[in-house]
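Hi,

Here is the structure I promised to pass on. Have a look at it first, and then read my notes below.

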Amino acid sequence: MNKELLTEILATFKKTQGYIEKDNRLFIETKKEIVPALLKYFKDKSFDRLAMVSCVDRINENKLEIIYILTSFCLDNPLNIILKIKISRNEPELDTVIPIFENAEPYEREIHELFGVDFIGHPRLTPLFLEREYEIPPFRKDFDMRKYSEELFDSVPFVGDEK
Amino acid sequence: MRELELYFGPQHLGMVGNFSITLSVEGDKIVNAASNPGYLHRGFEKLMEYRTWSQNFPLVCRINVIEPDSMEMVYAMAVEKLANIEVPERAEFIRSIYLELARIGSHLFGLWAYANMLGFDTVAQWAMYHRDIILDLFEELTGARVYHIYINPGGVRRDFPKGFKEKIVKTLHSIGGCVPDYNNTFFENRLFYERAHRIGAISQEEAIKYGAVGQPLRATGIAHDIRKVEPYAVYDKVEFDVPIRENGDAHSRILIVRDEMIESVHMIFKLLDMMPEGEVWNRTPNPFKWNIPEGECYVRVESSRGELGLYLVSDGGDKPYRAHFRTPSYTHGLVILEKVLRGANISDVGNIMISLYVIAPEIDR
């Protein structure tokens, strides 16, 4: 059943690759323009639950990877769909998916705050967790946590090294 | 009537945990609500990128204060999947028993918070006492009461000590013997019914639309449980029911908490009888020289509050490249709570929030 689903997706949507892992994980890589259409397609196929939206900083390729994970409420299909897209790291912009899945709202807010991705059409991209602004969004790989904490809190000398 | 802004939490008597809600109220009625997390944001997911695979265990369990064990489990499962490690059968049984004990402990803590908020102080103290004797079991098994760091990739840290099986049975019997008392004073009490019935109700369509998991979803009549949908550990070898209710309100959610505890106790008895002998840990490489092949995975377990997922990425090094936890309270606290509070009464805010089982450290991470 899942193999047929994959063949149908690859036939319907252009610029899309995918494969199924043995333990019910369907990985799909696509382009960012196709995401809303693809999410709507899955929603109609009863994969109507957005488990999470995540982001990975691929600094070597100079891209940000956005990941949507979809599952189903039906009990007899444990398939997890992992949908991946890559967007530019310098000008990260993406359409919001709130019209399709309402619970994407805090996830997109979090990714905006921690990775600096702008979601076009999001109703409130206000800070969620952090209290101050950072030059580099803190969850990106070029934000050095240790250097930041040394600058902010000063380094504490080891016992005996005070002189 | 004039609209006022009211800050509910983090220093508020009705608030459990480091969380706050900004309410717009007209008289007693809530017009708008905005969840305001971040009081406990420690950036664990970033910190994990600086520590080796084994060093991360003390971090992941601190993400959730009241039930750290499912966090350990989901992280261990992800590492095992990426590194292709097998787990001995006895270790899988021990893990399941350990997770079910943790579920009872967590539910008793939740019951303490809920009963305390409603003013049933006696029931709250009973629940706290019973959680404490479960923590005694954990102390004997792992050496720690709250953060156990017991599950390791490839199994568990140590086998059951001598006579531990009998101790579990004895403890669970003494808790189970008090179920009639709990029922008489709390669950079948008219006061609880009047106070919780039709409070914070969500329909089945809304639960699906907002992506609810755990008790809020099962209270609307959908028997969705990861232990059944995608069994891990030994949940496919043992029989158990998934309790559901139809009303979707606070009353149904709390009754499901009780039913799940009873179901867990029965499950532990069955698992103890079926437990095989054998090894409990498959050796893993030296933790300081342990590189895990490149890849990514999404694993999920059923924690006491619903689906808990972890998206873990490895770049072939000795540290995770990225970890992202999908915690059940995240959607409950930031999406459903805001929707349900609209139109509710100020006196029901704590009631709704605790019955949705919102745990603040899990949201902030």
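Let's start with one pair: A:E102 and B:K209 form a salt bridge, with their closest N and O atoms 3.6 Å apart. By salt bridge I mean a side-chain nitrogen of Lys or Arg within 4 Å of a carboxyl oxygen of Asp or Glu. Between chain B and chain A the count is nine salt bridges.

Before going on, some housekeeping: this is a predicted model, where local features need pLDDT of at least 70 and side-chain atom pairs count only at pLDDT 80 or more, while totals for chains, interfaces and linings use all residues. Residues are numbered from 1 along each chain as its sequence is written, chains are lettered from A and ligands numbered from 1 in the order in which they are written, and side-chain values use heavy atoms, with hydrogens and water left out.

Back to the interface. Chain B and chain A each bring 43 residues to the contact (heavy atoms within 4.5 Å). About 4,000 Å² is buried between them, 54% of it from carbon and sulfur atoms; that is the accessible area (1.4 Å probe) that two parts lose on being put together, summed over both.

Away from those totals, what does B:H251 touch, leaving aside its neighbours within four places in sequence? The answer is B:F192, B:Y193, B:A196 and B:H197. B:H251 counts as buried because its relative accessibility is 11% (buried means under 20% relative accessible area, with a 1.4 Å probe and protein chains only).

Cheers

How values were computed. Buried means under 20% relative accessible area, exposed over 50%, partly exposed in between (1.4 Å probe, protein chains only).
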